[in-house]
Amino acid sequence: MTNRAAKCGSILVLGGGIAGLQAARDAVDAGFRVYLVEREGELGGRMAALDKTFPTNDCAMCMLSPRLVEIANNPNVRIIKRAQVVSVDGEPGRFRVTVRRVGRTAAGPDAAAAETPVAEPEIARSARQAAEPEGAGGIPPTEPAPRAGGGLKPALAEACGLYDDCDQCPISCNRRLSRALDETIEVGAIILAAGLAPYRAERAGEYGYGRYANVVTSVEYEKMLLASGPTGGRIVRPSDGAAPKSIAFIQCVGSRSVTDAANPWCSGVCCMYTAKEAVITREHSPDTDIAVFFVDVRAHGKGFERYRDAAEKTHGVRYIRSMPSTVKELKRTGNLAVRYVDERDALKDEEFDLVVLAVGLEPAAGAAEAAKLLGVELNQWGFPRTPETSPVETSRRGILAAGTAVEPKDIPESVTAGSAAAAKAGEMLAAARWSRITRSDFPVEKDVAGQEKRIGVFVCHCGNNIARVIDVKAVTAYARGLPGVAVAVDARYACSGDGLDMIRRTIRDAGLNRVVVAACSPRTHEAIFRRTLCEEGLNPYLVELANIRDQCAWVHKSDPRAATDKARDLVRAAVARVALVEPLAEKRVPVTARALVIGGGAAGMTAALSLARQGFDVTLVEKEDALGGNLRDTSESVWGLDFQAYLAELTAAVASNPRIEILTGAAVASHSGFVGNFESAVTTPSGSRRVRHGVTIVATGAREYKADEYLYGAHARVMTQREFERELSSGSAAGRAGAGRDVVMIQCVGSRDDKRPYCSRVCCSRAVKNAIEIMRTRAGTSVYILHRGVRTYGFKEELYRRSREAGVRFIRYLPERKPEVAPDGDGLSVKVFDQDLQDEVTLAAGTVVLATGVVPNADAEDLGRLLRLHNSDDGFFLEAHVKLRPVDFLTDGIYLCGMAHGPKLFDESIAQALSAAGRAATVLAKETITVGGSVAVVDGDLCAACLACVRLCPYEVPVIREGKAEIEPAKCQGCGICASACPAKAIQLLHYTDAQVIAAASALARGEL
Amino acid sequence: MTRDYAYFPGCSSRGTGAEFAESIRAVFEHLGIGLEELPDWNCCGATSGHAIAPRAALALEMRNLAQAARMSKPLAVPCAACFHNMRAARLAAQKGEVEPAAEALSAPRETLAAVEVVHPLEILTSPEVLAEVRSKVVESLAGFRVASYYGCLLARPPEAVKFDDTENPTRMDRLVEAIGAEAVDWSWKVECCGGNLALAARGVAVDLVARILTGAEQAGANAIAVACPLCHANLDMRQFEASRKLRRKIEVPVFYFSELMAIAYDLPKAEKWLKKHITTPFPLIDGLLDTDR
């Protein structure tokens, strides 16, 4: 038994991809110090290599960069790159992890790849030499610019005598440090999020990858799509650099294999990323013919089916249901010949300019050894084994696993898993929350009201990045002469430790009350400089950044004169603006450490339990008289988990937890307030209850579609999957009546049609699971599954394979020719046009099982209106961002999980519930939260209550009270739409007031003397 | 590395594959590598045997393996089908999948499992021998652009045959290069030639042969090299039918790799073997070499 007080309030996250990044940010926001260990030299993992992401076509880096910056700037996150874990000792709550960093110049596998430094321009070199002691190894002349807040071991500094906080030393040091650096870190929990690698396509020799120049992998194709990639965003054929006129995508390369040549699982993302790559290509060049060769399309996620349909119907991508067994190269042209059999059994030969192999995902080299090192058991597929009831826990207590490291999955599921792992870690380390967090104590803020403006301008060289193009000294001299400027100096790296020290010193010595930093992007560095101001007692809103790097030096490399002129303009505009900015106060409001969970099914109960274990109070509201939701009505999971037994266990755990208050037969009648400070009224059988809570979790689930087709409701032997499962498990009389007679399952009932153009995700896996069960227990019974593509994604592909081996028969039908069910004696007759046979087949069945889809609850809309939530096109709740914020709502403090989000299997609901708990914990863990800052304010005297702002605000913040619009500062996101739209100019966005914007624009427009 | 092998000629060695067997013998002699014929060898079962009566075919093979075991020499098997079957039989013995009756006719399974079965291409492309192969070349084969055709039996199934890469084998290509010809890379190295259907569905076989021939032509080859009498028979004999199917003349002479070696070594009997080909190789040879014909 470990002394609870002795638990370590730190978490080690292994892997800096999107799952690791999410786990890290939720863990640190919930009060745990984070060590983020990344094997490569940069964070971002697979997502950083993507151009756009499905189904929104958002740019991957645009979504990822802010996350990376946030993590990098967090003083309680230590990032250790080019590092691996070499040993884990200790016990849950108190692990001792040894991390080894290997630089390129250390003796090791990378030693051979050591680079020679690039010669630097004279101006920068002499400046550097003037600044540095003789004989030191020196800061390397190559960029990138150092990142402030990095941390190098003092030992390294001792070794070379000079170091900067840039973490670049192991990579670029001129002096060859010949040893690796080991360090032992104490943490309470470990989150394994090391991701996967693409399948090595050379193994699929039949497609000629590595042999034929114009056969590429989807990873390489994606790189070509990237505007910042090797071809500058142009799709070209490797053999001759020409744009391909025809492209073939071949799916499932490396996945769904029944031989050892490839992996048996479905990699889950390839169907969708191919659709995306095809759509983006067609958008760039509508004349390019694209053919996708597939067997089943796994479009099982939110918005996937629509996206894939649009690829075919709107963008004209050809989908050919046929798997070519080989690709041949036509030497003379470099084209590829693909022979295939189409759906009509006709033999076709087609020639393509380029072939793209949609490669799957598999554990990276060394993953198995790494798992062994961690003491984590692997499942039959070589991934860490996790229980269905807790999909982020490994076999070793205290070590959690998230993202694709557990099973191939897409970005939203990886993000979900990251938060879920953070929640689980939080459960274990709740007592040690905040114990390892260093809080910054800033000096009391100086009051600068009424003071004469004293502006300090700091112009950064950024090493060579800016100085190579712009005459920094000249810009600095120019700045000195601008109105209000008391001091203007240049700095080599303004954001480095030395640079920030210098800025602070100058603020103090020169009595500055406004600061302009002419350097790089505020998006990445504003937070750093704001912090610096706080450290000197200045309000953080009193600093302005002029971007003379990304928006000047980098884009005007060929014209240094003009670039320098432009830099002067940008500095002038920044100075004019900063003269008018005012200190802005952010308010601290206390957080109510209670969660309101709406919905007492599997998801709701799991979220409630996790939050309670993390140390927070919970009020769980359930509309029925008993907890359980859909779990009450189902028998087992696709992997055979006994749901009834689990339900009993879960209900008991929830009921016996002293932090959870359960209100059954209850409903939420009103909900108001803002994050950290909500107030709701809950109607219970014994009257109305007022609940004050800091967060809300929507876990209201969904329901089974009640069909009106295929004789459902009119014939006793036509039933839904759920009804059939009940029969199967209970061995009831009705079941026995059906025994000995064939079973026909019809998939996609009520899904993937005009009315509901989405895939219900769960039905294929359940169908094959049930089919296997029937074949196992009822000798002589035949099972027919009438489908429109079998969607057993991830490890569930195994179930599909087993069902085929058991003799289950699969008949594919098209939506235009649906099966017909008619009574036949005391049984049923099912007629279906078999697409593969190209003939009609009549089946005699004792039972017809309809895979009826998942549809939103009828009262979802009412709840949505109450909480001001949005619905997706398909009627489920709409999250803040489909990819990176899958369990958040746009309104801060309200979270979503389970089937209320969309159709999902049991373990996916559990993961999402844990994820919502992890997200909610980042609010509840804090005693207070800051609200306000750059928010919109209404001048009531000018407001005419025209409702323009109310209608336009994407976050539904403005409300009309007593004839005037009111904007709650805690809810305002500072987007400025209301301010720009208000016809009476009654709304100003603080920090972007009209006066401030006009001042900057006028200063910019005014030419030099 | 041994220079002395037992040798399994196979049934075609005196019939349709006579030039293969004779050229192999001649070339090995030229290189000073011994080939001692297996005494009392029997049919290997070939494709028909092992399709219709797999257990009997396996037993036949095991009997051959037993003979080889008695000779205490590794067994060289030139014909791809025979080679394939022997390796498969040896794998079965290694796995312990041997029927008592088969064992009784041959030898205990441990003995069978230990017999070394090699293909002449494996011998010739071993590093030491390959150097010799190269050094004995007297006639330049410059201008011969050879597409090496391996057929299916040398490549599949990989766990039984273990001969080379399944999709892109290169042994024969390396040999072709070593004797001074250009080895053309092409995509039809292991394509089915339809040999099995040559009698039952001739049209299919012709179609497949046509694809292989055009593939070689497309890749810039002017000759095809093979390592199997049946591959040779199909590709060599059906070019007229293939031309009819394609509606244009296609003619790509097909050589056994050992014949190419014989040409490179200027062995006197080479012409005799080449005359047995249906698709005449002489226009190509005469065009490239100074012959005394």
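**Close-up views of a predicted two-chain model**

**View 1. Chain A as a whole.** Chain A contains 26 helices and 48 strands, where helices (H or I, at least four residues) and strands (E, at least two) are DSSP runs numbered from the N terminus. Its radius of gyration is 31 Å, close to the 30 Å that the globule rule gives for 1009 residues, so chain A is as compact as a globular protein of that length; the radius is taken over C-alpha atoms, and the rule is 2.2 Å times the number of residues to the power 0.38. This is a predicted model, in which local features need pLDDT of at least 70 and side-chain atom pairs count only at pLDDT 80 or more, while totals for chains, interfaces and linings use all residues. Residues are numbered from 1 along each chain as its sequence is written, chains are lettered from A and ligands numbered from 1 in the order in which they are written, and side-chain values use heavy atoms, with hydrogens and water left out. Along the principal axes, the C-alpha atoms of chain A fill a box of roughly 100 × 80 × 65 Å. Of the 1009 residues in chain A, 58% are buried, a term that means under 20% relative accessible area, with exposed over 50% and partly exposed in between (1.4 Å probe, protein chains only).

**View 2. Helix 2 and helix 13 of chain A.** Two packed helices are described by the angle between their axes and the distance between the axes. For helix 2 (residues 60-73) of chain A and helix 13 (residues 522-535) of chain A, the axes come within 10 Å and cross at roughly 20°; axes are lines fitted to C-alpha atoms, for helices over the stretch in contact, and angles run from 0 to 180 degrees between N-to-C directions. Helix 2 of chain A and helix 13 of chain A are therefore roughly parallel to each other, since angles under 35 degrees count as roughly parallel, over 145 as roughly antiparallel, 65 to 115 as roughly perpendicular and the rest as oblique. From helix 2 of chain A, A:Cys62, A:Pro66, A:Val69 and A:Asn73 meet A:Arg523, A:Thr524, A:Ala527 and A:Ile528 of helix 13 of chain A, contact meaning heavy atoms within 4.5 Å. The residues of this contact between helix 2 and helix 13 of chain A divide into five nonpolar, two polar and one charged (Ala, Val, Leu, Ile, Met, Phe, Trp, Tyr, Cys and Pro count as nonpolar, Asp, Glu, Lys and Arg as charged, and the others, Gly among them, as polar).

**View 3. Backbone features in loops of chain A.** Most residues other than glycine have a negative phi, and most peptide bonds are trans. A cis peptide bond, with omega about -10°, joins A:Phe54 and A:Pro55, and A:Pro55 lies in the loop between strand 3 (52-53) and strand 4 (58-59) of chain A. A:Arg256, although not a glycine, has a positive phi of about 55°; A:Arg256 is found in the loop between strand 12 (246-253) and helix 7 (270-284) of chain A, and at 17% relative accessibility A:Arg256 counts as buried. A:Cys462 is likewise not a glycine, and has a positive phi of about 50°. The loop that holds A:Cys462 runs between strand 21 (455-460) and helix 11 (472-480) of chain A, and A:Cys462 counts as buried at 5% relative accessibility.

**View 4. The surroundings of A:Val887.** A:Val887 is found in the loop between helix 22 (860-867) and strand 43 (894-896) of chain A, where, at 2% relative accessibility, A:Val887 counts as buried. Not counting residues up to four places away in sequence, A:Val887 touches several residues, including A:Ile894, A:Leu896, A:Gln912 and A:Arg919.

**View 5. Helix 3 and helix 4 of chain B.** Chain B has 16 helices and eight strands, and here the axes of helix 3 (residues 54-71) of chain B and helix 4 (residues 80-95) of chain B come within 9 Å and cross at roughly 90°. That makes helix 3 of chain B roughly perpendicular to helix 4 of chain B. Among the residues that make the contact are B:Leu58, B:Met62 and B:Leu65 of helix 3 of chain B and B:Cys82, B:Met86 and B:Ala89 of helix 4 of chain B.

**View 6. B:Asn234 in chain B.** B:Asn234 lies in helix 12 (residues 229-237) of chain B and, at 2% relative accessibility, counts as buried.
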